[in-house]
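Subject: Structure for you to look at

Hello,

Here is the structure I said I would pass on.

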Amino acid sequence: MTHDELLQLIDQAAAEGWTELDLSGQGLTELPPEIGKLSQLKILILGRQNEDDYDDFVDGQFLPKVVANNLSSLPSEIANLKNLKTLDLSGNLFEIVPDCVINLKSLEKLSIIRTQLTTIPEAILSLSAIKELNLSANRISFVPELLFQLHELVDLNLSNNKISAVPKSIKESQKLRKLCLRENIISALPNEIACLENLEILDLSFNDINSYPTPLSHLYNLKNLNLRDNLIDDIPDSIGNLAKLKRLDLSSNGIKSLPSGLSSLSDLEEIILFNNRLESVPKSILKLSSLKLLFLNNNLIKNLPESMSKLCNLERVHLAWNEMTEISDCLTRLEKLQILYMPFNKVTSIPDYIARLKNLQILDLRENFIEEIPSTVVELIKLREIRLRRNNIKLIPAFLERLSELKVLDLRENPVPIAPEILGSIGSSERHGNPKDIFNYLHQLNSGLVKPLDEAKLLLVGQGSVGKTSLVKQLMEGTFNPTEFQTDGLSVRTWGVHVNSKDVRLNVWDFGGQEIYHATHQFFLTKRSLYVLVCNCRTSEDENRIEYWLKLIQSFGGESPVIIVGNKSDEQPFDINRKALRQKYPNICAILETSCQSGNGIEELRAKITEEVGKLRDVYNLLPLSWFQVKEQLEALDKDFISYGEYIGICYQNNIPEEQNQTQLIDLLHNLGLVLNFRNHPFLQNTNVLNPDWVTEGIYALLSDDTLKTQGKGILDYDDLSRVLPPGRYPPERHRYLTDLMQEFQLCFELPDCPFPRFLIPGLLPKDEPDATGLEGDTLEFQYHYRILPESVLSRFIVLSHEKIHNHIHWRSGVMLAYREGDEVFNIARIKADPEDKKIFIAIAGRETTRRVFLSLIRDIFTRIHRSFADLEVSEWVPVPNHPDHPPLDYQELLGQEGMGIQEFPIGKLRLRLNLRQLLDGYEPVEARRQRDLKERGLDMEERYGDIHIYQGSRTTHQHGSGDNVAGDLIQGDKHTPP
């Protein structure tokens, strides 16, 4: 919003008598003195926390995003707003509370969230009418005694600061009903806190409290107590004094048992105990007849007591990450149970008596040892989700279709005899099975003739000039050409082999080994495949980069079998450490030697390929005959691409008129690599590429072009496409399709503000690092170390972060990024890779308070890239503060130490003890660290703990009763927000 627009808006507000003005997110750097005209204003919002929009990687999972401006001061005329009751200054640049705010005597609600406040001024005492004060996510380390002379204070939030002590004067705040001190460094509470007899909500989570604060036992009106993520290992009997408690969170402490006094909490509805050391369900819990929610995830529980069936009001039970071998009979007698979470245990079967749970809506038994789904499950008519990923289920029973409410059926990574693509994406926690798609596919299989796929993928990889193409020709044709040209990019051929009395088609993919092509391997090295790693017997193990290729195969192909072939054995024996490689990579099924010139070893290799193809389970997946006929007809077309309408026509020709079958089939063919279809892409959605070779040849021709590398410096335009690509096969009207595909594959991005489309290909950038990559002042530094650093990681990062590139500074192995709010640059980051050492270095300079936010954004992008690999070995490292020459520290090791309750990390060489909490807080908030740890272990918050509202203090209100929004009805008047 411009200055003139703001003045016009203020005039309008004054003329019309507005009582509320929302100026958040307008890019304001100053507020004009004319704001003082609005004497009738009751609500002024200059930076607003968005209650409905939570950020999962910036400053922790449970802090609301802030719609901010860039204000660092306020005009004195603010003091004229004598009727102002609510003022929100969140997300601005205030280092102190502006003096003019202190003169707002009618103010009842003040929010200054996520700014740069370091102190709470004693002058704030003049705000005698204040009821709600929120100063969370700042850098406050000291709470003044006089703060609690604000006798009308009802709601105080000082979370996510650096507070180490609570003053004794807190006893003066007799009206306080909600106190949030989460994510500070508090180790103990004063006895005077026991005087807060009206307190209903107390959040002390993510602190350093090492024993249960005994004064809490006198807070007789407390309804919600959160002590999560402290260092408490013992709970006293006096907790039973909290007779009105409805919700108790003791998770992530070191608790081994609970006292008998807990059983006195007759109103308790939610108890959260995940990530402790419980070996059994505490007896005191078994007497809590009002309990609706029980969280016992991540403990050491093996069995459930029969008396647990007496918890007749339980609606949700969470038992993930324990050591349970069965679904106990006592669970199935909980008639009100709606959600049962038991993933990551050792359960071997689903008992028939589970049918008693008539109200069950979610059954989660992922990562167990279950072999079948009993027919009694169909009696659970309210089931919405069945999650059975990674069990041993071999059959999908048809009766499941009768569950009319079923929306999620997750059977991924079970040995069921249908294409795994039908069951959902393996690499995504979200793309689980759609029951309609699964049952539709099963109907197609059961309604007529079926045909096995009888098709597999054979991929030859290795360095350039090792003889991959010659090996293919010897295997398929028995021919040898001593002057064979080196493969540019990728060649795909079909080879018919006879396996287990069946004819199987092998799609043979022969990859060029040149470095420039490695970034594209991610799109073609797949699971469900057999790999042949070809080496040159004349060169060393290091020159063949054997471990590089094995790790690359492991990253993209998972546990796919690998045959290592030492080629040109007639010139020199294959000298490698066979035993060590096999021990390290158990998916190596053979190490053979061949000579394409003499033919030695070719027959043995051919036999081994045939044997291993016969072991690939997915080769024999069944397809409905009509689907198979569409597949064959598409493959027979002498075209590189067709319209989606033509595809639909072919479906009709083969009696597939249903839209669901048509879309499901095209998705399957896409996942099999037989066609390319992007139905969700605005430009690519209407075209199917029938010949992936059309894509690879086009892309590889561009990546191989010397002019683009040298003169163009990685910048591609449509003139280049016309120059490089043959016009017959790549007419101009298809150029946009190809560049869109390259963007879809994260190979390039379109440059902004160009009169004609231009694209930058990071893989073709100059290798030279520019001069302007220095950073001024202190920096926040972070490193990734890789066992194998795929060529694509950094180039994909540049593509995904291109909107933040600073001053067009980028090179082959690095990029400079800027973090902005509005037009102001707060931070500059340098991200660079060292391919030889297999490391990526991140350094961030600029405003200290936003460095870790920027680092979180950067890490989030790298996390997305890392997770796209099946098994990429990558570790995170941080430098020792003030000791740049000392080797960096393993970040996950530090997190693990913190999780074990260790507060200081010793470094013997430096005679130094690091404060772990202080060091780690510099990188991300403690709550974000916990969440990231859970994600790294494969479970997001909803999967691990269920619906998120049950353990947030501020996101929902139903759990707190009337005490959560104590000032919500105090504000009256019309609301006006500028467009």
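**Helix contacts**

In H16, the residues Val 793, Leu 794, Arg 796, Phe 797 and Leu 800 touch Ile 858, Ile 861, Phe 862, Arg 864, Ile 865 and His 866 of H17. Sorted by type, the residues of this contact are eight nonpolar, one polar and two charged. Please keep in mind that the model is predicted.

H16 covers residues 792-800 and H17 covers residues 848-867; their axes come within 10 Å and cross at roughly 130 degrees. That angle makes H16 oblique to H17, because an angle has to be over 145 degrees to count as roughly antiparallel and 65 to 115 to count as roughly perpendicular. The crossing of these two helices is right-handed.

On the H9 side the contact is made by Val 630, Gln 633 and Leu 634, and on the H10 side by Tyr 647, Ile 650, Cys 651 and Gln 653. These residues divide into five nonpolar, two polar and no charged.

**Aromatic pairs**

How many aromatic pairs does the structure hold? The count is 17. Two of them are described below.

The ring centres of Phe 782 and Tyr 923 are 6.0 Å apart and the planes stand at 55 degrees, so this pair is tilted. Phe 782 belongs to strand E32 (residues 779-786), while Tyr 923 sits in the loop between helix H19 (916-921) and helix H20 (926-936), so the pair ties together parts that are 141 residues apart in sequence. Are these two residues, Phe 782 and Tyr 923, buried or exposed? Both Phe 782 and Tyr 923 are buried.

Tyr 819 and Phe 854 form another tilted pair, with 5.3 Å from centre to centre and 35 degrees between the planes. Tyr 819 is in strand E34 (residues 814-821) and Phe 854 is in helix H17, so that this pair links distant parts of the chain, 35 residues apart. Tyr 819 and Phe 854 are both buried.

Ring pairs also join Phe 782, Tyr 784, Tyr 786, Phe 797, Phe 862, Tyr 891 and Tyr 923 into a cluster.

Regards

Key
Residues numbered from 1 in each chain as written. Predicted model: local features only at pLDDT ≥ 70, side-chain atom pairs only at ≥ 80, totals over all residues. Heavy atoms only, no water. Axes fitted to C-alpha atoms, helices over the stretch in contact; angles between N-to-C directions. Helix = DSSP H or I, 4+ residues; strand = E, 2+ residues; numbered from the N terminus. Parallel < 35°, antiparallel > 145°, perpendicular 65-115°, else oblique. Left-handed = near helix turned anticlockwise from the far one by under 90°. Contact = heavy atoms within 4.5 Å. Nonpolar A, V, L, I, M, F, W, Y, C, P; charged D, E, K, R; others polar. Phe/Tyr/Trp six-rings, centres within 6.5 Å; stacked < 30°, edge-to-face > 60°. Buried < 20%, exposed > 50% of the residue type's maximum accessible area, 1.4 Å probe, protein only.
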